[in-house]
Amino acid sequence: ALQEALVAWVVEPPFNDYAQARAKGLLPERLEQMGRRTLKMWAHAETLSGHEQLVAWHETRKRAKAARYAWEAAVPALGEPATEAARAWEEVTESLGIVQDAVVAREAIKELADVAVAHDESAFTYGVLYQLEIDRTADFHGQASAAIRTARDLGIPH
(Lines give C-alpha, C1' and ligand atoms only; values in the text may rest on other atoms or scores of the structure.)
Protein backbone atom coordinates (compact mmCIF):
# COMPACT_ATOMS: atom_id res chain seq x y z
CA ALA A 1 0.00 0.00 0.00
CA LEU A 2 2.85 2.35 0.87
CA GLN A 3 4.59 1.67 -2.43
CA GLU A 4 1.36 2.33 -4.37
CA ALA A 5 0.82 5.54 -2.42
CA LEU A 6 4.36 6.72 -3.20
CA VAL A 7 4.00 5.94 -6.89
CA ALA A 8 0.66 7.77 -6.98
CA TRP A 9 2.26 10.72 -5.19
CA VAL A 10 5.09 10.91 -7.77
CA VAL A 11 2.74 10.55 -10.74
CA GLU A 12 0.14 13.01 -9.43
CA PRO A 13 1.66 15.18 -6.69
CA PRO A 14 -1.08 16.63 -4.46
CA PHE A 15 0.40 20.12 -4.68
CA ASN A 16 0.76 20.20 -8.47
CA ASP A 17 -1.95 22.82 -9.19
CA TYR A 18 -0.75 25.10 -6.40
CA ALA A 19 2.90 24.73 -7.35
CA GLN A 20 2.21 25.44 -11.01
CA ALA A 21 0.08 28.49 -10.18
CA ARG A 22 2.79 29.83 -7.87
CA ALA A 23 5.49 29.11 -10.46
CA LYS A 24 3.57 31.01 -13.13
CA GLY A 25 3.48 33.99 -10.78
CA LEU A 26 7.12 33.93 -9.71
CA LEU A 27 9.08 32.48 -12.60
CA PRO A 28 8.67 35.24 -15.20
CA GLU A 29 9.97 37.87 -12.81
CA ARG A 30 12.98 35.78 -11.78
CA LEU A 31 13.77 34.79 -15.36
CA GLU A 32 13.54 38.37 -16.56
CA GLN A 33 15.84 39.41 -13.74
CA MET A 34 18.38 36.82 -14.88
CA GLY A 35 18.04 38.09 -18.44
CA ARG A 36 18.56 41.70 -17.34
CA ARG A 37 21.80 40.74 -15.57
CA THR A 38 23.02 38.98 -18.70
CA LEU A 39 22.12 41.97 -20.87
CA LYS A 40 23.91 44.27 -18.44
CA MET A 41 27.06 42.14 -18.70
CA TRP A 42 26.77 42.21 -22.51
CA ALA A 43 26.39 46.00 -22.51
CA HIS A 44 29.45 46.29 -20.29
CA ALA A 45 31.44 43.96 -22.58
CA GLU A 46 30.54 46.11 -25.56
CA THR A 47 32.19 49.14 -23.91
CA LEU A 48 35.49 47.29 -23.55
CA SER A 49 38.14 46.29 -26.04
CA GLY A 50 40.93 43.80 -26.41
CA HIS A 51 41.46 41.12 -23.82
CA GLU A 52 39.06 42.73 -21.32
CA GLN A 53 36.26 42.51 -23.87
CA LEU A 54 37.00 38.87 -24.60
CA VAL A 55 36.84 38.06 -20.89
CA ALA A 56 33.56 39.97 -20.53
CA TRP A 57 32.09 38.15 -23.54
CA HIS A 58 33.02 34.88 -21.89
CA GLU A 59 31.30 35.99 -18.65
CA THR A 60 28.26 36.98 -20.71
CA ARG A 61 28.25 33.52 -22.25
CA LYS A 62 28.28 31.89 -18.82
CA ARG A 63 25.35 34.04 -17.69
CA ALA A 64 23.47 33.35 -20.91
CA LYS A 65 24.00 29.64 -20.38
CA ALA A 66 22.48 29.92 -16.90
CA ALA A 67 19.56 31.87 -18.37
CA ARG A 68 19.07 29.20 -21.01
CA TYR A 69 18.98 26.40 -18.44
CA ALA A 70 16.59 28.37 -16.24
CA TRP A 71 14.21 28.96 -19.14
CA GLU A 72 14.40 25.29 -20.08
CA ALA A 73 13.50 24.32 -16.52
CA ALA A 74 10.53 26.70 -16.65
CA VAL A 75 8.99 25.11 -19.77
CA PRO A 76 6.60 22.83 -17.83
CA ALA A 77 5.12 25.83 -16.02
CA LEU A 78 5.32 28.49 -18.74
CA GLY A 79 5.02 26.53 -21.98
CA GLU A 80 5.99 27.71 -25.45
CA PRO A 81 7.18 31.22 -24.49
CA ALA A 82 9.77 29.62 -22.20
CA THR A 83 10.82 27.24 -24.99
CA GLU A 84 11.33 30.18 -27.36
CA ALA A 85 13.32 32.13 -24.76
CA ALA A 86 15.48 29.08 -24.03
CA ARG A 87 16.22 28.73 -27.74
CA ALA A 88 17.17 32.40 -27.96
CA TRP A 89 19.56 32.10 -25.02
CA GLU A 90 20.96 28.93 -26.57
CA GLU A 91 21.76 30.90 -29.72
CA VAL A 92 23.58 33.49 -27.58
CA THR A 93 25.65 30.80 -25.90
CA GLU A 94 26.40 29.04 -29.19
CA SER A 95 27.52 32.24 -30.90
CA LEU A 96 29.66 33.39 -28.00
CA GLY A 97 31.06 29.86 -27.73
CA ILE A 98 32.29 30.07 -31.31
CA VAL A 99 33.81 33.47 -30.53
CA GLN A 100 35.62 31.89 -27.57
CA ASP A 101 36.80 29.01 -29.75
CA ALA A 102 38.15 31.48 -32.32
CA VAL A 103 40.05 33.35 -29.60
CA VAL A 104 41.64 30.12 -28.37
CA ALA A 105 42.45 29.12 -31.94
CA ARG A 106 44.16 32.48 -32.56
CA GLU A 107 46.42 31.93 -29.57
CA ALA A 108 47.34 28.44 -30.79
CA ILE A 109 48.00 29.75 -34.32
CA LYS A 110 50.22 32.50 -32.93
CA GLU A 111 52.25 29.95 -30.98
CA LEU A 112 52.62 27.76 -34.07
CA ALA A 113 53.73 30.79 -36.11
CA ASP A 114 56.36 31.62 -33.49
CA VAL A 115 57.69 28.06 -33.69
CA ALA A 116 57.80 28.26 -37.50
CA VAL A 117 59.73 31.55 -37.40
CA ALA A 118 62.13 30.11 -34.83
CA HIS A 119 62.87 27.31 -37.30
CA ASP A 120 63.35 29.71 -40.22
CA GLU A 121 60.09 28.61 -41.84
CA SER A 122 57.46 30.81 -43.42
CA ALA A 123 54.69 31.97 -41.09
CA PHE A 124 52.52 33.35 -43.90
CA THR A 125 49.95 30.54 -43.72
CA TYR A 126 49.61 31.05 -39.99
CA GLY A 127 48.96 34.73 -40.62
CA VAL A 128 46.18 33.84 -43.05
CA LEU A 129 44.67 31.41 -40.54
CA TYR A 130 44.93 34.01 -37.80
CA GLN A 131 43.03 36.52 -39.93
CA LEU A 132 40.35 33.94 -40.69
CA GLU A 133 39.83 33.48 -36.95
CA ILE A 134 39.59 37.25 -36.47
CA ASP A 135 36.92 37.32 -39.20
CA ARG A 136 35.14 34.39 -37.58
CA THR A 137 35.11 36.25 -34.27
CA ALA A 138 33.52 39.27 -35.94
CA ASP A 139 30.91 37.15 -37.75
CA PHE A 140 29.80 35.30 -34.65
CA HIS A 141 29.91 38.44 -32.54
CA GLY A 142 27.34 39.81 -34.97
CA GLN A 143 25.24 36.67 -34.55
CA ALA A 144 25.54 36.95 -30.78
CA SER A 145 24.37 40.58 -30.95
CA ALA A 146 21.30 39.55 -32.92
CA ALA A 147 20.62 36.64 -30.56
CA ILE A 148 20.94 38.94 -27.54
CA ARG A 149 18.29 41.25 -29.05
CA THR A 150 16.00 38.29 -29.68
CA ALA A 151 16.45 36.95 -26.15
CA ARG A 152 15.80 40.43 -24.74
CA ASP A 153 12.61 40.76 -26.74
CA LEU A 154 11.27 37.36 -25.62
CA GLY A 155 10.80 38.28 -21.97
CA ILE A 156 7.45 37.02 -20.69
CA PRO A 157 5.07 39.82 -19.70
CA HIS A 158 3.57 39.59 -16.22
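Q: What share of the chain's contacts between residues at least 6 apart in sequence join residues at least 24 apart?
A: The share is 69%. Contact here means heavy atoms within 4.5 Å. This is a predicted model, in which local features need pLDDT of at least 70 and side-chain atom pairs count only at pLDDT 80 or more, while totals for chains, interfaces and linings use all residues. Residues are numbered from 1 along each chain as its sequence is written, and side-chain values use heavy atoms, with hydrogens and water left out.

Q: How many helices and strands does the secondary structure of the chain come to?
A: The chain has 5 helices and 0 strands, in the pattern α-α-α-α-α. Helices (H or I, at least four residues) and strands (E, at least two) are DSSP runs, numbered from the N terminus.

Q: What makes a set of residues a nonpolar core?
A: The members must be buried Ala, Val, Leu, Ile, Met, Phe, Trp, Tyr or Cys residues, joined through side-chain atoms within 4.5 Å. The largest such core has 26 residues, and Trp57, Trp71, Leu78, Trp89 and Val92 have the most contacts inside it. At least two of its residues come from each of helix H2 (16-47), helix H3 (50-78), H4 and H5. H3 gives the most, 10 residues.

Q: Which residues is Trp89 in contact with, leaving aside its neighbours within four places in sequence?
A: Among them are Gly35, Leu39, Arg68, Trp71 and Ile148.

Q: Why is the pair Arg68 and Glu72 called a salt bridge?
A: A salt bridge is a side-chain nitrogen of Lys or Arg within 4 Å of a carboxyl oxygen of Asp or Glu. In this pair the closest N and O atoms are 3.1 Å apart. Arg68 and Glu72 both lie in helix H3, 4 residues apart, about one turn of the helix. Glu72 has 35% relative accessibility, so it counts as partly exposed.

Q: What is the N to O value for the salt bridge of Asp114 and Lys110?
A: The value is 3.8 Å. Both residues lie in helix H4, 4 residues apart. Asp114, at 45%, is therefore partly exposed, and Lys110, at 42%, is therefore partly exposed too.

Q: Which residue forms a salt bridge with Arg152?
A: Asp153 does, with 3.1 Å between the closest N and O atoms. Asp153 has a relative accessible area of 54%, so it is exposed, whereas Arg152, at 45%, counts as partly exposed. Elsewhere, salt bridges that share partners join Arg68, Glu72 and Glu90 into one network. The count of salt bridges comes to 8.

Q: What is noted about the phi of Asp120?
A: Asp120 has a positive phi of about 55 degrees although it is not a glycine. Most residues other than glycine have a negative phi. Asp120 lies in the loop between helix H4 (80-118) and helix H5 (124-153). Its relative accessible area is 75%, so Asp120 is exposed.

Terms used
Buried means under 20% relative accessible area, exposed over 50%, partly exposed in between (1.4 Å probe, protein chains only).
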